[in-house]
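Subject: Structure for your review

Dear colleague,

I am handing over the structure we spoke of, and below it I have set out what was found in it. Please read the notes with the structure open beside them.

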Amino acid sequence: MTPILSLHNIDVTEFLAVLDTCEGNVYLVTKEGDRLNLRSKLCQLVGLTKLIEGGKIAEASIICENKNDESKLFRFNFFGDTGNAKVG
């Protein structure tokens, strides 16, 4: 699997809400090559804590196993579309 998108300056709360709607595994890949499964709340805390700067994600790559999740995260990243995610 290759990274499908790089995240830059996204709202963390909205990103986590969209992740909660994903059906398959979603991996965050760091510059160092760490690969964290973001379906796990523990990995979300560990991975995102390293990347958060001023309440926004600085830089990360995402890999999805499910094509629908890939589309969902692509729309969120480029258009801010949270779909049916419950934000807040």
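Does Ile62 count as buried or exposed, and at what relative accessibility? The model is a predicted one, and in it Ile62 has a relative accessibility of 0%, so the residue counts as buried. Ile62 is placed in strand β6, which covers residues 60-64, and the C-alpha atom of Ile62 is separated by 7.6 Å from that of Leu7, although the two residues are 55 apart along the chain.

Five of the five residues of β6 are buried, so the strand is largely enclosed by the rest of the structure. Both of its faces are covered, with Ala60, Ile62 and Cys64 buried on one side and Ser61 and Ile63 buried on the other.

Overall architecture

The protein has three helices and six strands, and from the N terminus on its elements follow the order β-α-β-β-α-β-β-β-α. Of its 88 residues, 41% count as buried.

The sheet

Four of the strands form an open sheet in the order β1-β6-β2-β3, with antiparallel pairing. Strands β1 (5-7) and β3 (35-37) stand at the edges and have a single partner strand each, so that one side of each is left without a neighbour in the sheet. From one strand to the next, the twist averages 35°.

Taking the pairings in turn, β1 and β6 are joined in the antiparallel sense over three bridges, and within β6 it is Ile62 that stands opposite Leu5. Strands β2 and β6, which also run antiparallel, are joined by four bridges, and here Tyr27 has Ile63 of β6 as its bridge partner. Strand β2 (residues 26-29) is in turn joined to β3 by three bridges, again with the strands running antiparallel, and Tyr27 stands opposite Asn37 in β3.

Salt bridges

How many salt bridges are there? The count comes to three. In one of them the side chains of Asp20 and Lys41 meet, with an N to O distance of 2.8 Å. Because Asp20 lies in helix α1 (residues 12-20) and Lys41 in helix α2, this pair ties together parts that are 21 residues apart in sequence. Asp20 counts as partly exposed, at 47% relative accessibility, and Lys41 is likewise partly exposed, with a relative accessible area of 47%.

Another salt bridge brings together the side chains of Glu70 and Lys67, at 3.9 Å from N to O. These two residues are three apart in helix α3 (residues 67-79), which means that about one helical turn separates them. Lys67 has a relative accessibility of 60% and counts as exposed.

The remaining pair is Asp81 and Arg75, whose side chains meet in a salt bridge at 3.5 Å, again from N to O. Asp81 counts as partly exposed, at 32% relative accessibility, and Arg75 also counts as partly exposed, at 36%.

Cysteines

A search of the whole structure finds zero disulfides. Cys22 is in no disulfide, and the nearest cysteine sulfur, which belongs to Cys64, is 6.0 Å away; a disulfide would need the two sulfur atoms within 2.5 Å. Cys22 counts as buried, at 4% relative accessibility, and Cys64 is among the buried residues of β6.

Which residues make the nonpolar surface patch? Leu42, Leu45 and Val46 make it, and its area is about 310 Å². Leu42 has its place in helix α2, which covers residues 41-51, and with a relative accessibility of 60% it counts as exposed. Helix α2 also holds Lys41, whose side chain meets that of Asp20 in the salt bridge described above.

With kind regards

Terms used. Residues numbered from 1 in each chain as written. Predicted model: local features only at pLDDT ≥ 70, side-chain atom pairs only at ≥ 80, totals over all residues. Heavy atoms only, no water. Buried < 20%, exposed > 50% of the residue type's maximum accessible area, 1.4 Å probe, protein only. Patch = residues over 30% accessible without salt bridge, like charges linked within 9 Å, V, L, I, M, F, W, Y side chains within 5 Å. Areas by Shrake-Rupley, 256 points an atom, 1.4 Å probe, with all protein chains shown as cover. Salt bridge = Lys/Arg side-chain N within 4 Å of Asp/Glu carboxyl O. Pairing = 2+ DSSP bridges. Axes fitted to C-alpha atoms, helices over the stretch in contact; angles between N-to-C directions.
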